Amino acid sequence: MDVEFVYDFRLQISLPRFHTAWDELDQDRQAQILRSWEEIRGNIPERVKELEVVINEKQAALTEELNFERSCHLNSEIAELASIINDLWIWFRLNPSLTTTEKSSS
């Protein structure tokens, strides 16, 4: 298997795991992988919105929290969710393209 999509439990999306270099794959296989990735990638903005709702809820709870330990715990949870969002946006910006082979006219 040259490429597989493996579910990442932290990000809650499948990510590509390459066993073959991208430019070693033929264009048909690259196109197939790109179609799969675009389908996954298209769900990232919705996933980010879901996480932002959770962050907002935790921030609201944090403003009301009087227990220092609980405040620290909420703050850590918010930081982790923000880290997940950052990673999701990094994956969203990943936009591979087909490798084209240029033929020289000698």
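Q: Which residues of H1 are buried?
A: The model is predicted, with local features needing pLDDT of at least 70, side-chain atom pairs counting only at pLDDT 80 or more, and totals for chains, interfaces and linings using all residues. Residues are numbered from 1 along each chain as its sequence is written, and side-chain values use heavy atoms, without hydrogens and water. Buried means under 20% relative accessible area, exposed over 50% and partly exposed in between (1.4 Å probe, protein chains only). In H1 the buried residues are Gln 30, Ile 33, Leu 34, Trp 37, Ile 40 and Arg 41.

Q: Within what arc do the buried residues of H1 fall, seen down its axis?
A: The arc is that of the directions from the helix axis to the C-beta atoms. The buried residues line one face of H1, because their arc is within 120 degrees.

Q: Which exposed residues does the face of H2 turned away from its buried side carry?
A: The buried residues of H2 are Ile 44, Arg 47, Val 48, Leu 51 and Ile 55. They fall within an arc of 90 degrees seen down the axis, so they line one face of H2. The face turned away carries Lys 49, Glu 57, Thr 63 and Glu 64.

Q: Is H2 roughly parallel or roughly antiparallel to H3?
A: H2 (residues 44–64) and H3 (residues 68–93) pack at about 165 degrees, with axes 10 Å apart. Angles under 35 degrees count as roughly parallel, over 145 as roughly antiparallel, 65 to 115 as roughly perpendicular and the rest as oblique. H2 is therefore, relative to H3, roughly antiparallel.

Terms used:
Axes are lines fitted to C-alpha atoms, for helices over the stretch in contact, and angles run from 0 to 180 degrees between N-to-C directions. Helices (H or I, at least four residues) and strands (E, at least two) are DSSP runs, numbered from the N terminus.
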